[in-house]
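Me: I am new to this structure. Can you show me how to read its features, one at a time?

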Amino acid sequence: MSHSITPVTLNDQAICWQDIVQVARHNSPLELTDKVRSKLRNGRAIVEQIVKTQQKAYGITTGLGALCEVLLQPEELSQLSYNTVLSHACGVGDTLKVEQTRAIMCVAVVNYSKGTAGISPTIVELIVDLLNHQITPCVPKKGSVGYLTHMAHIGLTLIGIGDVDYAGRTMPAAEALALCGLSVVELGAKDGLSLVNGTPCATGISCLALDDCKRLAQWADVTAAMSFEALSGQKNAFDQEILSLKPFEGLQRVGENLRLLLADSSVIESRQGLRTQDALSIRAIPQIHGACRDQFKHAEQQINTELNSSSDNPMVLGTAENYRVISHAHPHGESMAMACDLMTIAVHELSSVAERRLDRLVNPLVSGLPPFLVKHSGVNSGMMIAQYVAASLVGENKILSQPSVVNNFVTSGLQEDHLSMSTPASLKLQEVLDNSFNVIAIEYLFGAQAFEFFTDETFGKGTQLAWRWLRQHIAPYHEDRWLAPEINLCSELIRQHKVNEVLQSLDGNIY
């Protein structure tokens, strides 16, 4: 797919999560305006004035965390910044995806662009250069309770330490910088603290996750409509007048999508009155999918608010001649933790109800279709075990849906005695999304296979387009064959393609 390469420009205007996705996932250039550079210089001038007058200010002229009362000498402040980056870069486990690290870097620049961090402008410019040259620090996934470790590993790259991903290869940071004509930075007072501070980790990762959530929700409507049709669903459950009596925005949107997808289906029309009502996994698609969408919208508001906030501590306000330096708690990522936990629960619900539908598709006792969606069952197992896979993934999602924010630990010698766990929440959300794309892919395969058993009938306008598009990539299932590659392919297809790109000839858009 092609995506716009229009630069994302930071200025005085609000930024949104889609801007972060454009830079992190689609490699749009990031640009700073002169207004932003002026703010950076002003903030830095305040820090320099604090150092010059030896005012006691947390993290600028003092130690960190429980060492906040230890006043340092001016000649020690640069060493403090270096030591902060080095000592905090202690993450473990697998490396973050390139796009996740890029998202964190982009959000960090957005945070610094407010000018309240007082970080050296050369550092911000170098992070922008890294993004635009696609030099991505190798950042271990685990070790953050909300901030610190991920950004510290990014900070290592700025001083030429550690490894990066560049041009598809892992290489030493210093080598990649040299190849691109970039130089390491000299860290000064407060720079180390600003590099590990704030909420860029959870916020950046959640921007990418929200993009995935919205795509998953649209595809879930499509695959649910296919299951509904294959199972001879009773369309009165989606009646516009009935749904309007419960006016949740998400519910109304899903109802519109389903009516559009199923329009002109002779399969549905010919089976009205077959039963009084369907099972809830079929009948309550608007209510369940709609509730999930409403949570995504709430999370979107939280993410955009966080993006347009300042989350460094301490902050410097005013000018070098008339300033204030204030310690506070904006790096605490409670809002991001709750938003990610909420999205995780909603994503799980999309996968959970999808698994119930696909189970009905392979069960001849309720489907009216051949057992396990294969003509010659017995010698062929058909789609039997793929349903097991979906059940396993949903079971894992249930475990992962335990909220992170309700966990708490004490760190830094009682100084940080309530932690948001926002970064673990965002990483856990991505795991649940990965599982759920696979579940929805399995439902897509099942729904398409079920369609193969209908002859001389017309499917819905949207469901027929979805069926035909999948058949361009994956053939019908006539006898047992290796299914794992097809599940993986289907999952990648729905990850990489927007619903409305696939259903271009539909009389309307799926939202």
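This is a predicted model: local features need pLDDT of at least 70, side-chain atom pairs count only at pLDDT 80 or more; totals for chains, interfaces and linings use all residues.

Reply: The largest nonpolar core has 143 residues. Tyr 112, Phe 296 and Phe 446 have the most contacts inside it. Helix H9 (residues 200–230) supplies the largest share of this core, 18 residues.

Me: Which residues does Tyr 112 touch?

Reply: Leave out residues up to four places away in sequence. Tyr 112 then touches Leu 40, Ala 117, Ile 119, Val 124, Ile 127, Met 151, Ser 194, Leu 195 and Asp 312. There is also a second, separate core of 12 residues, including Val 47 and Leu 72.

Me: How do I read a pair of packed helices?

Reply: Two packed helices are described by the angle between their axes and the distance between the axes. Take helix H3 (residues 77–88) and helix H6 (residues 149–158): their axes come within 8 Å and cross at roughly 120°. That makes H3 oblique to H6. The crossing is left-handed.

Me: Which residues of H3 and H6 meet?

Reply: From H3 come Val 85, Leu 86 and His 88. They meet Thr 149, Ala 152, Gly 155 and Leu 156 in H6. By class, this contact holds four nonpolar, three polar and no charged residues.

Me: At what angle do helix H18 and helix H20 pack?

Reply: About 110°, with the axes 8 Å apart. Angles of 65 to 115 degrees count as roughly perpendicular, so H18 and H20 are roughly perpendicular to each other. Phe 437 and Leu 445 are among the H18 residues in the contact, and Ile 487 and Cys 490 are among those of H20. The contact has 10 nonpolar, three polar and three charged residues.

Technical notes: Residues are numbered from 1 along each chain as its sequence is written. Side-chain values use heavy atoms; hydrogens and water are left out. A nonpolar core is a set of buried Ala, Val, Leu, Ile, Met, Phe, Trp, Tyr and Cys residues joined through side-chain atoms within 4.5 Å. Buried means under 20% relative accessible area, exposed over 50%, partly exposed in between (1.4 Å probe, protein chains only). Helices (H or I, at least four residues) and strands (E, at least two) are DSSP runs, numbered from the N terminus. Contact means heavy atoms within 4.5 Å. Axes are lines fitted to C-alpha atoms, for helices over the stretch in contact, and angles run from 0 to 180 degrees between N-to-C directions. Angles under 35 degrees count as roughly parallel, over 145 as roughly antiparallel, 65 to 115 as roughly perpendicular and the rest as oblique. A crossing is left-handed if the near helix is turned anticlockwise from the far one by less than a right angle, and right-handed if clockwise. Ala, Val, Leu, Ile, Met, Phe, Trp, Tyr, Cys and Pro count as nonpolar, Asp, Glu, Lys and Arg as charged, and the others, Gly among them, as polar.
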